[in-house]
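User: Could you walk me through this one? I would like to go through it piece by piece.

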Amino acid sequence: MIRYEVLQNIAPLLRDHLVVCNIGIPSQELHAIDDQPSNFYMLGTMGLASSIGLGLALSQPKTVIAIDGDGSVLTNLGTLPTIANNPAGNFILLIVDNGSYGSTGDQPTYTGKKTSLAKMAEAAGCDRVVECQAEDTGTVLQAAIEAGEMTIIVCKCQSGNVKMPVITMDPVVIRDRFMAAVQA
Amino acid sequence: MSIDTRIVDDLVANDIRFVTTVPCKQLAGVIAEIDARDEIYHIPSNKEDEGMGLCAGAFMGGKRPAIIMQNTAIGVTINALATLIQYYRMPLPMIISYRGELREPIACQVEMAVHTKALLAQLHIPTYHFHHQSDVEELDLILKHCFMSSKPVAVLTDANFWGGY
Ligand SMILES: [Mg+2]
């Protein structure tokens with residue numbers, strides 16, 4: 001199962017919550033599968049989806065799901081201790097771990113080798129870390145939403161992308177309609 | 001009133017409720033004061049671009065943010081400033097310790113100091129330089145200007161402003 005199929009499976013769960021989606025192909029895929037005003041698409045700034053999601057979760061009561069990638073988390077590893085030490089019960093970090101830099105041509109990342117992001121999250125102090133296979137992501141995500149406890153999900157899936165159009169929406173429009181969804 | 005209290009009073013008076021910090025010796029008093037205030041959620045970050053992500057999220061969640069950092073961080077945050085804060089048009093007050101200016105004891109700090117204003121100018125970021133303690137009187141207006149214009153705004157505070165090193 002590749003990321004696109006994971007996103008297709010969990011789209012019905014995502015649409016009722018605030019979603020911060022990682023730069024590049026993940027955002028393009030989510031946008032094509034189920035565009036929602038409650039989706040914040042990152043058009044740049046690799047690595048900051050988890051930070052944006054945490055800041056958002058700490059500042060308002062709705063559930064926030066940050067969809068990140070293995071490569072992006074590796075580029076902002078300092079995020080894990082910050083998440084662990086500032087727990088927000090309404091925050092879920094879903095790391096789609098396909099062991100590759102998907103948006104740049106599937107170059108392998110270290111998580112496909114010796115590095116475990118789940119263990120790194122645990123070592124950083126995150127209390128609820130769940131590693132799962134791609135097929136189980138929906139079940140694990142649903143449980144995390146219901147738990148109301150900050151959860152890091154590491155979803156192990158295969159690398160590969162589905163070709164989707166680039167998002168041409170103006171960034172200020174993305175931000176404005178997202179903020180309206182936050183307030184709604 | 002101490003300069004630290006004065007600065008944090010201005011942040012609170014401008015409804016800033018979410019502050020991320022990466023420490024600098026000059027900023028120790030301000031950071032301690034932020035940490036002590038009930039009105040402000042203080043979230044230390046491990047790197048300044050991470051902090052800008054946190055601030056972007058807080059802003060979209062309805063809280064006014066600010067970041068406290070050293071000027072060396074300009075070298076780390078240009079991408080986050082251009083492609084997140086500016087691209088999505090968000091306000092972000094940056095209270096910056098301006099190391100490498102007059103009274104600086106560490107030569108290496110001068111190496112980033114000479115680039116700081118040029119980089120901020122290249123990014124078209126409104127920039128204010130606090131050199132004398134009385135310059136703090138403008139902070140309230142600067143914060144209002146920042147949220148009015150929805151832009152990142154830099155306040156460079158040097159060693160002379162902090163009363164020597
Ligand atoms: Mg990946």
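**Helix packing, metal site and backbone**

Analyst: In helix α2 (residues 28-36) of chain B, the buried residues are V30(B), I31(B) and I34(B), where buried means under 20% relative accessible area, exposed over 50% and partly exposed in between, with a 1.4 Å probe and protein chains only. They span an arc of only 100° around the axis, which puts them on the same side of α2(B); the arc is that of the directions from the helix axis to the C-beta atoms. This is a predicted model, in which local features need pLDDT of at least 70 and side-chain atom pairs count only at pLDDT 80 or more, while totals for chains, interfaces and linings use all residues. Residues are numbered from 1 along each chain as its sequence is written, chains are lettered from A and ligands numbered from 1 in the order in which they are written, and side-chain values use heavy atoms, with hydrogens and water left out.

User: What do the buried residues of α2(B) pack against, and which residues are exposed on the other side?

Analyst: They pack against α1 (3-13), β1 (16-21), β2 (41-44) and β3 (64-70) of chain B, with contact meaning heavy atoms within 4.5 Å. On the other side of α2(B), the exposed residues are D35(B) and A36(B). Helices (H or I, at least four residues) and strands (E, at least two) are DSSP runs, numbered from the N terminus.

User: Switching to the metal, which protein donors does the magnesium ion have?

Analyst: D70(A) (OD), N98(A) (OD1) and S100(A) (O) are its protein donors, at 2.1 to 2.2 Å, where donors are N, O and S atoms within 2.8 Å of the metal (3.2 Å for Na, K and Ca), and since water is not among the atoms, sites may look incomplete. Along the chain, the donors follow the spacing D-x27-N-x1-S. D70(A) lies in helix α4 (residues 70-75) of chain A and S100(A) in strand β5 (residues 100-101) of chain A, so the pair ties together parts that are 30 residues apart in sequence.

User: Are D70(A) and S100(A) buried or exposed?

Analyst: D70(A) is buried, with a relative accessible area of 1%, and S100(A) also counts as buried, at 5% relative accessibility.

User: And how do α3(B) and α4(B) pack?

Analyst: Helix α3 (residues 48-60) of chain B and helix α4 (residues 74-86) of chain B pack at an angle of about 20° with their axes 8 Å apart; axes are lines fitted to C-alpha atoms, for helices over the stretch in contact, and angles run from 0 to 180 degrees between N-to-C directions. The two helices are therefore roughly parallel to each other, given that angles under 35 degrees count as roughly parallel, over 145 as roughly antiparallel, 65 to 115 as roughly perpendicular and the rest as oblique. The contact involves residues including M52(B) and A56(B) of α3(B) and A80(B) and L84(B) of α4(B).

User: Last topic, the backbone: which residues have a positive phi although they are not glycine?

Analyst: Among them are D15(B), with a phi of about 65°, and S150(B), with a phi of about 55°. Most residues other than glycine have a negative phi.
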